[in-house]
Every structure is written in structure tokens, then in C-alpha cells.
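Here are some notes for your reading of this model. Please keep the coordinates open and check each point as you go.

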There are 2 protein chains.
Amino acid sequence: MRVEIVAVGTELLLGQIADTNSAWLGEHLAEWGIDSHFHQAVGDNHERIVLAFRTALARSDAVIVCGGLGPTQDDITRAAIAEVMNVGLVRDPAIERKIEEMFGSRGRPMSENNRLQADVPVGASIIEQTRGTAPGLICPVGQKVIYAVPGVPYEMSEMFERGILPDLLARIGETSVIRSRVLRTWGSSESGLAEAVNERFLHHEANNTGVTVAFLASGIEGIKVRLTAKAASEAEAEALLAEEAVEVVAAITTAYGDIIFSDHDQNMEETIAELLLQKGLTLGLAESLTGGLIASRLVDVPGASQWFRGGIVSYASEVKFDLLAVPEGPVVSPEAAEAMARGAKRTLKSDIGLAITGVAGPDPQEGHAPGTVFVGLAMPDGSVRSAELHLPGDRPRVRQYSAISALDLVRRALNDG
Amino acid sequence: MRVEIVAVGTELLLGQIADTNSAWLGEHLAEWGIDSHFHQAVGDNHERIVLAFRTALARSDAVIVCGGLGPTQDDITRAAIAEVMNVGLVRDPAIERKIEEMFGSRGRPMSENNRLQADVPVGASIIEQTRGTAPGLICPVGQKVIYAVPGVPYEMSEMFERGILPDLLARIGETSVIRSRVLRTWGSSESGLAEAVNERFLHHEANNTGVTVAFLASGIEGIKVRLTAKAASEAEAEALLAEEAVEVVAAITTAYGDIIFSDHDQNMEETIAELLLQKGLTLGLAESLTGGLIASRLVDVPGASQWFRGGIVSYASEVKFDLLAVPEGPVVSPEAAEAMARGAKRTLKSDIGLAITGVAGPDPQEGHAPGTVFVGLAMPDGSVRSAELHLPGDRPRVRQYSAISALDLVRRALNDG
């Protein structure tokens, strides 16, 4: 079973929104061992949507269409599917009533356009809505099928799990199982990692093992090492993965030391959270060039209130002097970073203080080139240390690399202590 | 000239990374009036990459391929293009030497794999690298062309502007001009907006004006209203757009009041920045449920240091009591929000204090349902106000809507004052 994903919307082609639905669907299909060999995006144009659907049906067994089911005049997915099915559209009175009720219960006036969302290609069945107004559709085309869901991620994901996945699995019967595991690293490059595990590549190629190893530089998420195994059963795939993980971890650690911060695709924040919880410690932040980025990543971790006290975004130098008791003078220096870390720890009453100051660019500051960053770390025993980083890239990249580098310093300190 | 974008990488299909390159390319092609009707993504598999290229060449005039030019074993774009061109690959000694020099100058050891990046399909020409190691390729296929660039956004964008765009424009000769303009709104729904401008839709449909109006809900970016005009000249397209903007702004303002925060696709932060600069005022933040999100958005605005003092991420309640002088007691309340705003203004020595506290979910807090949010605003004249919001969606959505809603309160206060 090969499933192709088609994202509909001129806003995708014009780059006014990034297509995150296709990535989400691809990930969730893979979890179930369902191949997705192609994704397409197409604009709000009837003929081209029809062509995209026909292209997808020619090279895949099923198509998941996201978007174009909304209540506005440029939502034309329903009509395009009807053409590919060679049938008409009929208005479904039960859906129409449900949409009316939903608007009624929210006390919102209903647009006449919303009734269009009750149109259904003849022969299609419905995936009921639980979060919005447009229902999803299951549309048979010969032995193949087109599934249509709204482009709103929140509605799409729920409908996929409730309506599409069970239908797909029923169609598949038996299939080979694909499992993957992701190691996360911080401290080497993609090509450096590839070199370190080269022996594994050669082994898999020579022996047709069903295992692959791939690398992916992911900004603030670190560099990912993805191990994938395809086998007849889940147990077999998991066994292949477990064996491969041991080999790859050993190869990377031998080459570069303690650079693997997770062996199960956990991000740096979650890794830090586990370590802090384990040791019963709390963290406080002082952020300058990252401007709240580290704090906002930390509060995304469920249960962050157990170990995260808060942060001070000391963007103006005076805030560093007043609130964090940084001595007046240069603010891009190891001394300033250490003073900020002590200040964060004291002001926020945390066990650990982490601070970051530096030059995001594009212009130099205090004679330092963009990418020059100082991280300060105040530990529970009163010791304070700092690290100097020279990071590549533009302003957003410098911020991202700064954030993960600063947290990695905490990780290494907690692992050592 | 229709250009199709093909993103190469199994990590895209597996959802381990979102494809932001295609969106970026689509946007920049549109700026030059170049149509892009389809995007595809395909995995690191030779046959399927070849099929994707052939599909793209059949329905478009040019193809831009992103990714698969790296130094690892799963980078096979070069070989797939050679197959579609029906030629072999040769190693280019000049590129090989350049890669060697680049590694030498950075004092990094060169992987043997990096030499693969010097392989070029016979008949292709080169787009030299300035930021990484893999050069881009311009590969003629009959009257059509495949451009290949690395998947690293930073390298891709620079190569597009220097190498691809001039070649495309040279091929095009004359073309119709597409121009678009985006209004941004906060305070109505997509279907509400569609209803408000329905008369415009009917007008364009009836008169074949070359103008389209579309809507796009974009989370923290607000709901966008995109006006697009296609005409023979830039002047004509701009005139159509200007005329349309007047009509659409009038229709929306009549229906919903002051909900358009930008008429030129400026985000809420930039809008606030302009207003603060105009009035010579500074802003300080106290963030609870948004955890630094607002601060990190504000510092993304160039020159933020002129009007942004900093923020306090008061995640733990004690930080609210200690640092912001919030009276001990409930922290999800209008009183707490107002106290936080006063505290931020005083502690950070800013002219305006903006504070946000509430329940991101999934669990209720202090008896309030998820999505209950209080925004506090302390103005330069000493007045303090608050607003109560009830926002839909999961945790990240509540945070995003909170952030834009809080900033919109500042915008309206500055516009009134």
C-alpha cells in the first residue's frame, strides 16, 4: 500500500504558509508501516487539482488530500474529487443540519457559504467532524481511494486517526512493518557522523539487511541520526533496530565522545527536564540574544513547572545591570555571562542559573563578530563557569544554535556532577 | 513559464522535517510573476526521484530540485538527473579542488564522501557555492531545464537568487506580471471575512478582472487576506491591487471595525514596533502561560533594542509574587494580570507594561478552563486595564492566540491614545 499526500491551496504554492500537514501525515503513516513515496502540493484551480489527483492515483494506491474543504469560494476540493470519480455532488441534509446546530450552539451567525461544506460526491462516505464544520470524505475510485480532510492541522490529525487510518489498515490486510528510531546529537557535522558510521552503510548494502541509516541537520533540534528497519514482523523490526542502535551509538561515541543527547528522538529540553527531575533541581534563565527563545522552548515540556522557575529576558543592557547585578561595562564577555547566571539563580531562586549573551548579528557588537556567544552556568554548589561559542549562520540560526548549545552545557554539567 | 519544485529527501516524507524550501521558492517565483502550479516531495530512492522529475517535466517547463546534493550516501540527486538527461556523471576537478580548499581554510578534515559533491552530469553547468560545499546545477533536458540546489535553506536561497532566477528570466522573455498584497486581520473568522467581501468575489467572477481575493488563518500571524492581480505590466497589476485594497479594506472595516492591523503583510510585532517608535515609548513584558514566546517574537524585529526593554518569564507563582509584586493569591485573574503589568513596567523601567497570565491547558487551573487568559496593560499615564479572553485549541494554539491577542491590545491602546 502506497499512500500519496496531496496538499491543496494556492497559499502553499505562493509560500504564504509552510505545509506541515504532509510532514505530519508522512510521519504517522510511517509509524504504521505504510509507505508514502510522493507528496504533492497544488493550487486552488480545478483542472490542476484534478491532474494532481490523477497523477497520484496512477503511482499510488491511496491519496490523502488536505485542504480546500473550507467555507470560502476558493475551496474546491469536493468538486475536483467528484470529477475524478466521474459523479455529481449532492447536498447531505444531515451534515447541513449538523453545521447549523454547531453554529447555533456557539451563538455564531452561520454564513450561507458554510452550507457548501455539506456537499458530498455521490458514492463517497463521510468522516464526521468533531472539531470544525467541514466533514472528511472517503471516496472510492475503482480499487483505489481518495481521502479528503480539512487543512486545519488540528482537524486533520484527529480525522486521520479516527477515520482514515482504520480504513487504510483494513484495506492493507498484511504488510511489512517499518520501524524507525532517532538518535539526537549535538557536537559534530552531518558528514562527520556519516564518516563515523560508514562501516554500517557498507554492511547494510552488502548484506541487504533491510536497515538504513540517515542523517538530518535540524537546527535547534540537533543533528538527527535516523535508523530504519523493514521486516516481516514488529518484533523482527524492533530487534534489527535495537542491534543497529548499539552499533551506531558505539561508532559515534568512539569518534566524538558524549554527543548523543537522546537515543529516542527526545529533544534537548526534554532531556534536561528528565535530568533536573531526577536530581530534584530547578533552573532559572537570563537570556539576552535569544530573547526568550530558551524559556519558550522549556515551557513546552509538559510539567515544566516542576523544575522551571522562569527567566529574565535582559534585552536592554540596563536590565542586565539593574535586575541581574551585572557590573556595568561590556555585556558580551565571559564575565557578563557568569554574572548573569549568578543573577538569574539569585533573582529567580533557582538551583541552577543559565545565562546567554552574545551577538546575533548582522552587525558586530563590542568588537565581536556575529555568532560570538558566551554561555554562563551557575551550579548548585556555588561554582560558576562559562563557555565561548562561535556559531555560523544568520540571526535566526545563531539564536537557535545558541539555545541548544546553552542547554547542552547544562546537560553535560548534570551528567558530570 | 511554469516551474515545478521537487524537494528530495526521505526525511520530508517521514515528516522528520517540514519542507520550508518549497514555500520559500514558491513565494519568490511569484514575486517575479513566475507560475508554480505543483510542488512534489520524493524520498531518497533513485527510481522514484527519476519518476518525480519526469512527472514534473511533463506538466511544467522548468524544475527546481532541492536536496540530495549532500556528502552522504543517501544523496543521489546528481545520478537521478543524469539518468533523466540520459548522460553520465563526471568528476569536475575544479570543484573538487574548491571543496578541498574550503575544508583546508576552515581547518576541518575532509571526508572522502565530500568528493562526490564534485560529480556533474555531462552537459550540465554549475552554480558555484559560496556558503557550503555542494555546487548547484543547471541541467538542460530538451527545451526544458532542471535546476538542482542543496536542501540547506541558507545555501538554497542564495543560489536561487544568484544562479536560477537570472537563468529563468532569460528563458522567459516576456510574461504577464502577478503582484499580490496581503492585509492582516485579528478579530474575525475566515468565513466571516469571506462573507464581508462577497460582493468583490461576484464582481471579479462576472467581469474576469484578473484579481483574486483569498483568506488564510495563520495562527500567531493573524488571518491573512491575500489580494492577487495578474496583468500585462507591473503598473497595471499594481493599479488593480491598489483599487482592490481600497474596496476590501472598506468592506472589512464596515463589517468588523478596526481589525486590520497591517495593509502590507506586516506582522503584529512589526506593527507594534512602528507605533512605539512613532510615540517614543518602550515596552516591558511579564509572561506566564506564553513563557517567553512574546519576547522572542519581539526581538525578531530588527532594531528591537530601541523600544523593547526586556521581559520577565514568571512561570513559577513565587516569581510573580517576588519579582512583580503580585499579591499572593490566585494568579489567573484580572487583578493578577494588572499587577503583573504594573510590576513589569516598574521592574523593567519601561513606559508600557504588558502582562499575560492564564491556562494553556490541557488541565484547568484555579477553576478556569483551558483557553482562559487575562491580559494586563499598564500605560504611560499610570492607567491600568485588563482583558479576559477565551481562546480555542490545544496548548500551542492557546499560546499563539494569547500572544497576538495581547499585542493587539497594545496596538489598539496606542491607536486610541
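Two strands count as paired when DSSP finds at least two bridges between them. The model discussed here is predicted.

1. Pairing across the chains. Strand E2 of chain A (residues 38-42) pairs with strand E2 of chain B (residues 38-42). The sense is antiparallel, and the pairing runs over five bridges.

2. The contact between the chains. Chain A puts 75 residues into the contact, and chain B puts in 76 residues. Which element gives the most on the side of chain A? Helix H2 of chain A (residues 20-31) does, with seven residues. By class, this side of chain A holds 32 nonpolar, 29 polar and 14 charged residues.

3. A sheet in chain A. Four strands form an open sheet in the order E10-E11-E9-E12, with antiparallel pairing. At the edges lie strand E10 (211-217) and strand E12 (260-262) of chain A, each pairing on one side only. On average, neighbouring strands of this sheet are turned by 30° against each other, direction ignored.

4. Strand E9 (residues 177-185) and strand E11 (residues 223-231) of chain A run antiparallel and are joined by nine bridges.

Technical notes
Residues are numbered from 1 along each chain as its sequence is written. Chains are lettered from A and ligands numbered from 1 in the order in which they are written. This is a predicted model: local features need pLDDT of at least 70, side-chain atom pairs count only at pLDDT 80 or more; totals for chains, interfaces and linings use all residues. Two residues are in contact if their C-beta atoms, placed from the backbone, lie within 7 Å. Helices (H or I, at least four residues) and strands (E, at least two) are DSSP runs, numbered from the N terminus. Ala, Val, Leu, Ile, Met, Phe, Trp, Tyr, Cys and Pro count as nonpolar, Asp, Glu, Lys and Arg as charged, and the others, Gly among them, as polar. Axes are lines fitted to C-alpha atoms, for helices over the stretch in contact, and angles run from 0 to 180 degrees between N-to-C directions.
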